[in-house]
Amino acid sequence: MQSELQERTSVMAYGPPPSPGQGQPQQAPWQQPGNNLWQQPQQPHQPPPHQAQQPPGPAWQQPQQGGGSFQTPGHYGPVSHDEKTWSLMAYVGQFLVGAIAPAIVYFGKAGSPFVRRHAVQGLNMGLAAIAVWIVGGLLSLAVEVLIWVPMLFTAAVMFFLVYAGRAANRGEFRSVPPAVAWPLLK
């Protein structure tokens, strides 16, 4: 009776025993060659039968599956992951190397209109920050309280770097106010 209970428990907890006659032990899914558990199988979406098919239009859009590119608002066409990464680096790189990062992006990937627009905006923000620090630093030598102007401007620039960087990572473009990103380059 007790062995029968143990057999039932082992079947329930660990699955049925291997069928006799198989010379190789069973392997778990993660041990089988060529099985990558990190990737989910791609299956086409099947709507339930009671839903009517809606034609694609401006009110109803789905992101593309498996294509590696997404449609952006505006007239850029599909934006690849590479373009989104370069655009993001035009903003995030400024936390490390200042205006050098968007300049590298601008001269490195100027062929893409999406990347170029983000790089120009990032470069305008970086150049504006440099100008404010130079002028504010010189003026603060005369009036000490003016040292707060470049610091507050830097806080605003950091906020808008994150704001525009998040949009670039989504494949969108968000315009930064001209008071922060002086329109020096177009």
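Visitor: What makes Arg170 and Glu172 a salt bridge?

Guide: In this predicted model, the closest N and O atoms of Arg170 and Glu172 are 3.5 Å apart. The cut-off is a side-chain nitrogen of Lys or Arg within 4 Å of a carboxyl oxygen of Asp or Glu, so the pair counts as a salt bridge.

Visitor: Why is Arg170 called partly exposed?

Guide: Its relative accessibility is 41%. Buried means under 20% and exposed over 50%, so Arg170 falls in between.

Visitor: How do you know that Arg174 and Glu172 meet in a salt bridge?

Guide: The N to O distance for Arg174 and Glu172 is 2.7 Å. The limit is 4 Å, so this pair qualifies. Arg174 has a relative accessibility of 32% and therefore counts as partly exposed. Salt bridges that share partners join Arg170, Glu172 and Arg174 into one network.

Visitor: How many salt bridges does the structure hold?

Guide: There are three. One of them pairs Asp82 with Lys109, with the closest N and O atoms 3.1 Å apart. That pair links distant parts of the chain, 27 residues apart: Asp82 lies in helix α2, Lys109 in the loop between α4 and α5.

Visitor: Which residues of helix α4 are buried?

Guide: In α4, residues 100–108, they are Ala101, Pro102 and Val105.

Visitor: Why are these residues said to lie on the same side of α4?

Guide: They cover an arc of only 90° around the axis, which means that they share one side of α4. These buried residues pack against α2 (81–92), α3 (94–97) and α5 (113–142). The face turned away from the buried side carries the exposed residues Ile100, Ile104 and Phe107.

Visitor: What is the pattern of the protein chain along the sequence?

Guide: The pattern reads α-β-β-α-α-α-α-α, made of six helices and two strands.

Visitor: What share of the protein chain is buried?

Guide: Of the 186 residues, 26% are buried. The accessible surface of the chain comes to about 13,800 Å², and carbon and sulfur atoms account for 62% of that surface.

Visitor: Among contacts between residues at least 6 apart in sequence, what share joins residues at least 24 apart?

Guide: The share is 57% in the protein chain.

Methods:
Residues numbered from 1 in each chain as written. Predicted model: local features only at pLDDT ≥ 70, side-chain atom pairs only at ≥ 80, totals over all residues. Heavy atoms only, no water. Buried < 20%, exposed > 50% of the residue type's maximum accessible area, 1.4 Å probe, protein only. Helix = DSSP H or I, 4+ residues; strand = E, 2+ residues; numbered from the N terminus. Arc of directions from axis to C-beta. Contact = heavy atoms within 4.5 Å. Areas by Shrake-Rupley, 256 points an atom, 1.4 Å probe, with all protein chains shown as cover.
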